Amino acid sequence: MELNLKEGFTTCVIGDMHFKETYGHAASFSDRRVTERAGIELSVAEAARACDLVVILGDMFDHRSNPSSALFSATAFLESLGSYPEIVILGGNHDTYADGSGALDYIRALSGKKWHVVSGKPETSVAGGRTLHFVPYMRCGSGQDTRALADEIVTGVAEGCDMLFTHHSVSGTAMANGTTDMLKGEPVLPREIVSEKSKLSFHGHIHRPGTYGNVIVAGSIMSEEAGDDTPKKVFVVDGTAVSEVTLPGRAMRRVKAETVKEAMEGIGDADFYRIVVTVPPTDAEIAALPANVEVSCVSAASRERTESADDGPISINPTELLTEYAEKKGVDKERIINGWNEIDKS
């Protein structure tokens, strides 16, 4: 991949954008979060337009096949960045298949744009006196385990890499409900080796942003799941200096309490709240809840387990579900998991 960049170029790094038709908990707000999303995209675009290189770290789309409204919004966003910056878009687990095809195909097919798609396999570019390595989301080959794939990915990072960009989780980094060390069924890159292989690295896929020395998890640009209450950011690299641009947008908060009355103390109308109580709410309490508040009732003993299971696709993965199914049915776990991997690659 050829990038037309001069020495001293600046880079804007953008996490998961997840363009889609309707955003999480949209029904809880009168404008269905349309105004909020527009403000977020505007802030991202303002940061990106000031840079020479823009890197979108995967999952630009929420699906591999998308409605026209999502395609229009994503294209309008790219157009809003103008004709100056080079733009690199990584394929993510949501929007590409194992062979790299999927939602980004139309972008790859466009001519006359400085829009570059990296999907299916990693690519390296030497531009502006710096070595850049791009890794889209990679899936295991037949018979390959996730650790072997993670090792393959980090081993393949170009020697003397100045900046590494991936759509993969990195070990020992935070998620909404724990750390990436909990993840199974997908490659998790070893943070210590990533730190050694590249002077600076940025990673998409995990939605909670965080900085761990020279390893930076970019997160997503918009909160959509309960418990995702960390401020969203984009990152600007100028030489060796990294600065953060905090984005507008609602937090998706989770509140634990014994009763609805206790949980509602201090709750406002700007953010979304999921309150988890142990005392069943009355019909009157449920009817009185504002639109931006949901309530669920669980026993005190099962609350932690219930909340963990409610954190969305990151915390519930196919391998764990298939393993549990195989154990209950007394069937060969490996055959079921290998079959799923073959389906996921197609």
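Hi everyone, and thanks for coming. Before anything else, please keep in mind that we are looking at a predicted model.

Let me start with the sheet that holds β1. Six strands make up this open sheet, ordered β4-β3-β2-β1-β15-β16, and their pairing is mixed. At the edges sit β4 and β16, the latter covering 241-246, and each of these two pairs on one side only. From one strand to the next, the twist averages 20 degrees. If you look at the β16 end, β15 and β16 run antiparallel and are joined by six bridges. There, Lys233 stands opposite Thr246 of β16.

Now for the helices on this sheet. Helix α1 packs on it, touching β1, β2, β15 and β16, and the direction of α1 makes about 160 degrees with that of β1. Helix α2 lies across β1, β2, β3 and β4, and runs at about 125 degrees to β4.

As general background, nonpolar side chains in soluble globular proteins tend to be buried together.

Take Ile14: beyond its neighbours within four places in sequence, Ile14 is in contact with Val44, Ala48, Val54, Val55, Ile56, Leu57, Phe77, Ile221 and Val234. Then there is Ile89, in strand β3. Is Ile89 buried or exposed? Its relative accessibility is 0%, so Ile89 counts as buried. Setting aside neighbours within four places in sequence, its contacts include Ile56, Met60, Leu78 and Leu104, as well as His116 and Val117. Along the chain, Ile89 and Leu57 are 32 residues apart, yet their C-alpha atoms are separated by 6.4 Å.

Let's move to the other sheet. This one is open too, with six strands in the order β5-β6-β7-β12-β14-β13 and mixed pairing. Its edge strands are β5 (123-127) and β13 (210-212), each pairing on one side only. On average, neighbouring strands here are turned by 15 degrees against each other, direction ignored. Strand β7, residues 161-166, pairs with β12, residues 198-203, in the parallel sense over five bridges. In that pairing, Thr166 has His203 of β12 as its bridge partner.

A polar atom of the Asn214 side chain lies 3.1 Å from the backbone oxygen of Ser198. Neighbours within four places in sequence aside, Asn214 is in contact with Ser195, Ser198, Lys199, Leu200 and Ser201.

Last topic, the cysteines. How many disulfides are there in the whole structure? The search finds zero. For Cys12, the nearest cysteine sulfur is that of Cys51, 5.0 Å away, whereas a disulfide needs the two sulfur atoms within 2.5 Å. Cys12 is buried, with 0% relative accessible area, and Cys51 also counts as buried, at 2% relative accessibility.

That's my tour, and I'm happy to take questions.

Methods. Residues numbered from 1 in each chain as written. Predicted model: local features only at pLDDT ≥ 70, side-chain atom pairs only at ≥ 80, totals over all residues. Heavy atoms only, no water. Contact = heavy atoms within 4.5 Å. Pairing = 2+ DSSP bridges. Helix = DSSP H or I, 4+ residues; strand = E, 2+ residues; numbered from the N terminus. Axes fitted to C-alpha atoms, helices over the stretch in contact; angles between N-to-C directions. Polar contact = N/O pair within 3.5 Å; in protein donor to acceptor, adjacent residues only side chain to side chain. Buried < 20%, exposed > 50% of the residue type's maximum accessible area, 1.4 Å probe, protein only.
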